[in-house]
Amino acid sequence: MLTSLDWLPKPTEDFRSRVKALRSAVLAREAGSLLEPTVALATAALDESQLAVLARLAADLAGASAGARQGFSSVRLGLVGDGTLSLVAPAICGSGLRHGLLIEVVEGEYNSAVGESSDPDSRLRRAGLEMLLIAPDARILGLDRAALSPEEAGQKVASAFARLEIIARNMRPAVSGSVFVQTVPPQFEPLFGSFDRVEAGSPFAMVEALNGRIAAWAGSGEVVLIDTARLAASVGLERWDEPRHWHASKLPFAPDLIPAHADVIARAIASARGRAKKCLVLDLDNTLWGGVIGDDGLAGIDLGQGSASGEAFLAVQRLALELRGRGVVLAVCSKNDDAVARSPFREHPDMLLKEEHIAVFQANWTDKASNLRAIAKALNIGVDALVLLDDNPAERLQVRSELPLVGVPELPEDPALYPRILAAAGYFEAVGVSREDRDRAAYYQANAERAAALAASSDMLGYLRSLDMTCKIGRIDALSRARSAQLINKSNQFNLTTRRYTEAEVATIEADPHRHAIQVRLIDRFGDNGIISIVIADKRRDEWEIDTWLMSCRVLGRRVEEAILNHLADAAREAGALALVGRYLPTAKNAMVADHYGKLGFTLLETRADGASVWRLELEHYAPAELPMTVADTARTPQPVEA
């Protein structure tokens, strides 16, 4: 399943001619956005050579017109580590297109990661990297040979980990975004047999100890984990580790596993860029239960303990609930009468999923693509945030054809494998999990209820007042730091500068007396939206310059930005500043905030050829807006300003 990417459809027979046509469109420099046809082409179970062909398309797109690149996210990735990685790089670039990423890989030299990271003039240090991937190997780390004592084993593990820390620390100033570190697959050959796990000096135990330290490192927020060891264990260490390829070319793993490995890397990069899926949309008949509810009735559908297929459908529901528990929104999209479709949720004793778990329930006779658009609109997310789980191959084909950005896994005939396929696909890949992540499903469900309330109201101001909103503004601190860093690295649309900071850098910013860093929460009668905005300003004597201003799109139209501006104006005036300065730096996805400062009353000072702009607000003339919310501000405490 993993090795053959079974959740993806087979590539079309005309794959190479379609790639050629897209490359021609790029070179013509007259095409509109090529995102959808490119993602559609890349969303297939491609082999290494096909991914290499896509890598060339990705390189063409990177140099294409802004129109052709619209919707893509560009990433310059440094690749350092142990073994020969030259075959891996094209596969990462090709797999990136599947996730809407234009990845340019800058490779380090073979087995020279420490030296290159230490040299400020090395190609890697001067490459302007946005992300870095460190790919260690047990053989280069010296963990493939047994230690003679527990003390020696501890020293070898500490030395191996220190090597990874040195690379990351040296490269950190040269990388603007995330540093990814792979875990290390252990060697297949046991030394003590089953006792390997007990004997600290066995190669297996030392690699496990190192992986534990890497996981703890990732848990601190300094690096992002890519669990290559988990992938290797899943496909089988005997299959993963082919000694002849290591001896012949120092390739760290079997070449036929390159596509699976590259997809795991690409999906992690996509998650770090805020492109992980957010909503699982569930078909009903023969997906959540066996049979057709409209024909078979409640007593006739196959669901529950006592039959293999009934238990298989329960497993699908159980996974959906577990995904919801970690923040994935659930929706229903079924060709059915609404009342009939809802009856199992309300009346079947074996249903694990209930109506209250479903944020949007679309049961009608409209085509699936139209209903998916309606679900995305109700949740105020893009269709690219949706995954459709549907047993019907005709429905899957229709959605892929009309909405290629929707994740649509191929499903086998046996429903017992549905959960495994969905999990293996990695649509909901996480690079960190915060409290807000776990509560996201509830946030979006409440948002759908707000949208319904708005649709029933003819008075916008009255609607906003009816929400009983409380806007809480506080400084970024240890409790909010992880979520703040996550938003900084994921927010793309309502983001004025799209500057990225790691969790460690956020900690430095919050402690800097010359920077003003706040996080904003919004609570209303439907629930707590969590942290929905981050603002960072550089404090100077006469003016504050806004370095970062981002906000979750799910609170658009709620006038939170005005509450934030009121706070900034008051805090800056209290510190003696005379003006606020804001910058807009355009990206492929943030056009919606091009006039953000203009709408707030700032004066335009400068517009560059690339669309970037500079704005200024004189505080002497600023009068705070009256807002339909209560503002609880705990962040306005005087601090020193720059001389």
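Modeller: Four strands, in the order 8-7-6-9, form an open sheet with parallel pairing. A strand is a DSSP run of E with at least two residues, a helix a run of H or I with at least four, and both are numbered from the N terminus. This is a predicted model in which local features need pLDDT of at least 70 and side-chain atom pairs pLDDT 80 or more, while totals for chains, interfaces and linings use all residues. Residues are numbered from 1 along each chain as its sequence is written, and side-chain values use heavy atoms, without hydrogens and water.

Biologist: What makes strand 8 and strand 9 the edges of the sheet?

Modeller: Strand 8 (360–364) and strand 9 (386–389) each have a single partner strand, so one side of each lacks a neighbour in the sheet.

Biologist: How do you know that strand 6 and strand 7 pair?

Modeller: Two strands pair if DSSP finds at least two bridges between them. Strand 6 (residues 279–282) and strand 7 (residues 329–335) are joined in the parallel sense over four bridges, and therefore they meet that definition. Among the partners, Val 281 is bridged to Ala 331 in strand 7.

Biologist: Why is helix 8 called oblique to helix 9?

Modeller: Helix 8 (residues 150–171) and helix 9 (residues 203–219) pack at an angle of about 40°, with their axes 9 Å apart. Angles under 35 degrees count as roughly parallel, over 145 as roughly antiparallel, 65 to 115 as roughly perpendicular and the rest as oblique. The angle therefore makes helix 8 oblique to helix 9.

Biologist: What makes the lining of the second largest cavity nonpolar, polar or charged by class?

Modeller: A cavity is a set of points on a 1 Å grid over the protein atoms alone where a 1.4 Å probe fits but cannot get out, and lining residues have an atom within 4 Å of a point. The second largest cavity is lined by Leu 280, Leu 282, Val 316, Leu 319, Ala 320, Leu 389, Tyr 418, Pro 419 and Leu 422. Ala, Val, Leu, Ile, Met, Phe, Trp, Tyr, Cys and Pro count as nonpolar, Asp, Glu, Lys and Arg as charged, and the others, Gly among them, as polar. The lining therefore has nine nonpolar, no polar and no charged residues.

Biologist: Which elements supply at least two residues of that lining?

Modeller: They are strand 6, helix 15 (308–325) and helix 19 (418–425).

Key
1 Å grid on protein atoms, 1.4 Å probe; cavity = no way out; pocket = protein on both sides within 12 Å on 5 of 7 lines; lining within 4 Å. Axes fitted to C-alpha atoms, helices over the stretch in contact; angles between N-to-C directions.
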